[in-house]
Amino acid sequence: MLISLQDIGVSFAGTTILEHITADVQEDSRIGLIGANGAGKSTLLNMITGELENEWGEIVRKPMLGVGYLHQNSGLTGGNTIRREMRSVFQKVLDAKEQLDDLQLDMGQLDPQSAEYKEKAAAYDKLLSYYEVNDGYTIDVKIQSVLNGMGFRGRDLDTRISTLSGGEKTRLALCKLLLAEPELLILDEPTNHLDFKTLRWLEEHLKEYKGAVIVVSHDRYFLDETAKEIWEVEFQSMRVFPGNYSKYKVLKADLMARWEKEYEAQQEEIADLEDYVARNLVRATTSKSAKSRVKKLERMERIERPREYNKEMSLRFTFGRDPVKEVLNAQELSLTVGEAGRKKHLFDHLSFVIERGDKVAVIGENGIGKSSLLKGLLGQLKFDSGRYKWGDEVKIGYFDQENRQLNPENTVLEELWSRYPQKTETEVRTELGRVLLQGEDVYKKVAVLSGGERAKLAFAVLMAEHKNFLMLDEPTNHLDLRSKEILEDALDEFEGTMLFVSHDRYLLRRVPDKIIEIFADHVEVFPGNYDYYMEKMAEKERLAAIQASAAPAPEKKPSAGAASYQKGKEARAAAAKARARVKALEKRLEELEAEIAEVEAQMTDPGLGYEALQELCAKLEELHKEQDADMEEWVELSE
């Protein structure tokens with residue numbers, strides 16, 4: 001066990017923040033920490049790490065426990081290059097390598113029979129053991145593997161960190177933490193700024209991580225893939241549920257239903273007892289039995305009424321008239337954004353058709369132009385070339401992820417009322433109340449609203465517009481878990497047509513019936529949801545891996561049947577060849593370890609001369625180079 005929380009709690013300015021928290025973190029725990037914003041998740045993490053002292057209860061930590069905590073804004077050394085920052089994780093091991101090199105030089109200048117030589121040889125032996133135990137020979141391979149997985153493949157490692165974007169710095173901070181491999185890894189919203197490919201790599205990496213992991217995330221798909229238990233912080237306390245997020249939803253619903261049933265049953269029993277007491281306490285013949293019921297009521301352990309956050313949005317998107325069958329036809333679209341000198345070309349040859357009732361999701365790498373595509377279709381940006389046509393009777397409702405369609409100088413009430421002046425104030429406030437913008441909140445300026453509040457106001461506007469085509473740019477950003485689920489329900493029930501951009505894989509799994517993936521020079525259309533997309537991507541990756549190692553096709557063009565047979569034959573042969581190469585590399589790596597150990601043993605011979613030592617050093621260097629190259633190839637093939 002790494003950490004045990006025993007009935008801990010803390011308060012601030014006389015207000016209880018958390019109390020009665022009891023849970024354990026095991027060596028291999030995979031914990032998803034969830035709860036509404038402000039529920040106390042960060043407070044709990046700070047108590048776990050020791051940054052905040054608990055006022056009640058006891059926290060027992062494993063002695064010398066190594067904890068790595070990725071805050072949402074983790075800092076890096078801006079003046080460092082990527083390479084230097086990543087290698088700093090292994091500084092002690094790298095220092096040991098320098099000392100080994102210095103000892104080799106010193107030993108080469110000493111008499112092997114001298115006491116000083118023997119002393120340095122013993123120090124060398126001890127240091128070499130430390131270097132090997134800490135995988136000193138594979139440091140650069142480890143660094144490159146993690147950087148590749150986190151989206152830095154092909155990046156110049158001499159790039160200064162100060163030149164990176166905020167998202168890149170966040171990813172790099174996560175790389176550094178993964179390389180450090182602490183016993184307890186704590187990640188606060190690690191999925192921000194990650195595309196699908198990087199997310200999948202991180203999920204697989206965390207599954208194989210040797211230590212314990214606690215993740216705070218609003219990414220439900222990520223929690224499904226990585227968590228084995230869910231800690232829910234709610235009403236100043238915490239419940240622990242076994243399983244991932246989907247299992248938590250089932251268990252939580254069962255718990256609340258059972259709790260409600262037990263509460264209602266006890267309330268009925270209490271009512272019956274109180275009624276009996278009221279009717280019989282003053283009657284001589286039944287007074288004794290009435291008093292016994294009074295004692296039963298006094299001894300009864302009352303079940304608290306089940307509490308849930310019952311303030312939830314109520315979303316429902318409706319429209320009046322259907323458009324024509326072909327809602328949107330886009331052909332050969334090309335787009336460049338930015339002003340002269342700072343232009344960026346995004347994509348070419350984008351063609352697709354959306355028909356009435358389609359629910360289409362747009363995905364693609366960060367920066368490929370997904371949001372810009374929506375703005376181009378709205379006429380806010382001008383395409384370089386190509387054409388698009390909206391069908392008759394199409395009425396578009398647009399949700400901007402930054403909510404720039406809202407006037408920051410308006411109050412919440414003014415923003416909605418100014419669009420529909422024919423409505424009464426009561427009607428407008430009722431609409432705002434459906435998205436939990438109530439009371440004094442309606443007099444707040446839009447400019448001071450939180451991201452979640454702005455999103456809710458934008459949804460209120462969308463509902464009031466009654467459009468038959470919803471165009472949404474990252475609609476789940478800034479929403480808590482429950483609000484995301486409510487939005488999903490509303491979008492799933494919407495009977496109109498929809499085009500939306502999202503990184504939310506839970507949303508992508510449930511709502512769309514078609515996914516469009518944007519690349520720099522084309523689009524690919526997948527007639528299904530995210531699960532279907534993932535199946536096709538897995539097939540595509542398998543085929544690409546096979547083709548990469550397959551032999552060139554013969555010049556003579558075979559028949560269709562022969563081509564299919566030959567393709568399958570070549571694929572099987574290539575796959576077998578790849579497997580054989582992996583096995584050969586593993587065998588060679590074992591041999592290299594044995595050879596390296598033998599050379600190192602020879603180097604400790606007290607009677608070894610200087611020239612012989614230099615030869616062994618050179619041989620050792622060659623063996624390490626071969627080991628690094630083979631290890632790198634093995635990593636690539638394994639990935």
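**Legends: overall fold and an aromatic cluster**

View 1. In the protein, 44% of the 639 residues count as buried (under 20% relative accessible area, 1.4 Å probe, protein chains only). The model is predicted, so local features need pLDDT of at least 70 and side-chain atom pairs pLDDT 80 or more, while totals for chains, interfaces and linings use all residues. Residues are numbered from 1 along each chain as its sequence is written, and side-chain values use heavy atoms, with hydrogens and water left out.

**View 2. Extent of the chain.** The C-alpha atoms fill a box of roughly 110 × 80 × 55 Å along the principal axes.

**View 3. The Tyr221–Tyr530 ring pair.** The whole structure holds 12 aromatic pairs (ring centres of Phe, Tyr or Trp, the last by its six-membered ring, within 6.5 Å; planes under 30 degrees apart are stacked, over 60 edge-to-face, the rest tilted). Tyr221 and Tyr530 are edge-to-face because their ring centres lie 5.4 Å apart with planes at 85°. Tyr221 belongs to helix 8 (residues 220-226) and Tyr530 to helix 17 (residues 530-549), 309 residues apart (helices are DSSP runs of H or I, at least four residues, numbered from the N terminus).

**View 4. Surroundings of the pair.** Phe196, Tyr221, Phe526, Tyr530 and Tyr533 make up one aromatic cluster. Tyr221 is buried at 9% relative accessible area, and Tyr530 is buried at 0%.

Conventions: Buried means under 20% relative accessible area, exposed over 50%, partly exposed in between (1.4 Å probe, protein chains only). Helices (H or I, at least four residues) and strands (E, at least two) are DSSP runs, numbered from the N terminus.
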